[in-house]
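Work through the exercises below with the sequence and the model open. Each task is followed by a solution in steps.

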Amino acid sequence: MKKGFAKFKELFWYSDSEPNEVLIAFCHIICLPAALLAEFETPNILFILGAIAAGSFQLWAVLWCGQLRMRLIAVQIATAVAIMTIINLAMA
């Protein structure tokens, strides 16, 4: 846990794209599920769980793993979740 928090503080002082990746991860973990639960009477629970998993993976990739390859995969998954969110909201 110490490594993740120390990395979190370091990112916001010295990094460029990693704070955005952390922000997107928090949006997928907290904001997206909250928005879907508020917007729909019967939200797609599978989609919510997928968004939380994608956000958690992105957070892990940035704060604990740090490998560029894992961060790239996390960003690609986050992009897919964002596209699915737009499609999901447009269909409603």
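**Exercise 1: a histidine and its neighbours**

Which residues does Histidine 28 touch, not counting residues up to four places away in sequence? Contact means heavy atoms within 4.5 Å.

Step 1. The contacts of His28 are Pro33, Ala51, Ile52, Gly55, Ala78, Val81 and Ala82.
Step 2. Histidine 28 lies in helix 2; helices are DSSP runs (H or I, at least four residues), numbered from the N terminus.
Step 3. The relative accessible area of Histidine 28 is 8%, so it is buried (under 20%, with exposed over 50% and partly exposed in between, for a 1.4 Å probe and protein chains only).

The model is predicted: local features need pLDDT of at least 70, side-chain atom pairs count only at pLDDT 80 or more, and totals for chains, interfaces and linings use all residues. Residues are numbered from 1 along each chain as its sequence is written, and side-chain values use heavy atoms, leaving out hydrogens and water.

**Exercise 2: helix 4**

Find the buried residues of helix 4 and check the span of this helix.

Step 1. Arg71, Ala74, Ala78, Val81 and Thr85 are buried in helix 4.
Step 2. These buried residues pack against helix 2 and helix 3.
Step 3. Valine 81 touches His28, Leu32, Phe47, Ala51 and Ala54, not counting residues up to four places away in sequence.
Step 4. The expected span is 1.5 Å times one less than the number of residues. Helix 4 (residues 68-91) has 24 residues and should therefore span 34 Å; its end C-alpha atoms are 35 Å apart, which agrees.

Technical notes
Helix = DSSP H or I, 4+ residues; strand = E, 2+ residues; numbered from the N terminus.
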